[in-house]
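This report goes from the chain as a whole to one helix pair and then to the nonpolar core. The sequence and structure come first.

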Amino acid sequence: QEFIRRVTLDLTGRIPSPTDLREFIADKSPNKREQLIARLIATPAFADKWAYFLMDTFRANGKMSRGVSLFHTMLKD
């Protein structure tokens, strides 16, 4: 339970849904952690979280100046 909660928060900035938690716990495959990580990286939530992280790094957010939305979209893509 701790793994799925932590990795979901770290990669997407969100907590796992109760359904996702139950499915992960019930999964008996030996590579379920790797599968979870791959699935989370493929989500729009992952791209959105890390695009905002990069915007913070470049200090591009906080101001609704021209181009910020375009920059965020470019990072997500």
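## Chain overview

Of the contacts in the chain with a separation of 6 or more, 50% are between residues 24 or more positions apart. The model is predicted. Its secondary structure consists of five helices and zero strands, and the order from the N terminus is α-α-α-α-α. The chain has 77 residues, of which 22% count as buried.

## Packing of H1 and H3

Two packed helices are described by the angle between their axes and the distance between the axes. For H1 (residues 2–12) and H3 (residues 32–41), the angle is about 25° and the axes are 10 Å apart. Angles under 35 degrees count as roughly parallel, so H1 and H3 are roughly parallel to each other.

The crossing of H1 past H3 is right-handed. On the H1 side, Phe3, Ile4, Val7, Thr8, Leu11 and Thr12 make the contact; on the H3 side, Arg33, Leu36, Ile37, Leu40 and Ile41 do. Sorted by class, the H1 contact with H3 comprises eight nonpolar residues, two polar and one charged.

## Nonpolar core

Ile4, Val7, Leu11, Phe24, Leu36 and Leu40 form the largest nonpolar core, which has six residues. H1 and H3 are the elements that give two or more residues to this core, and H1 gives the most, with three. In soluble globular proteins, nonpolar side chains tend to be buried together.

Leaving out residues up to four places away in sequence, Leu40 touches Val7, Thr8, Leu11, Thr12 and Phe46.

Technical notes. Residues are numbered from 1 along each chain as its sequence is written. This is a predicted model: local features need pLDDT of at least 70, side-chain atom pairs count only at pLDDT 80 or more; totals for chains, interfaces and linings use all residues. Side-chain values use heavy atoms; hydrogens and water are left out. Axes are lines fitted to C-alpha atoms, for helices over the stretch in contact, and angles run from 0 to 180 degrees between N-to-C directions. Helices (H or I, at least four residues) and strands (E, at least two) are DSSP runs, numbered from the N terminus. Angles under 35 degrees count as roughly parallel, over 145 as roughly antiparallel, 65 to 115 as roughly perpendicular and the rest as oblique. A crossing is left-handed if the near helix is turned anticlockwise from the far one by less than a right angle, and right-handed if clockwise. Contact means heavy atoms within 4.5 Å. Ala, Val, Leu, Ile, Met, Phe, Trp, Tyr, Cys and Pro count as nonpolar, Asp, Glu, Lys and Arg as charged, and the others, Gly among them, as polar. A nonpolar core is a set of buried Ala, Val, Leu, Ile, Met, Phe, Trp, Tyr and Cys residues joined through side-chain atoms within 4.5 Å. Buried means under 20% relative accessible area, exposed over 50%, partly exposed in between (1.4 Å probe, protein chains only).
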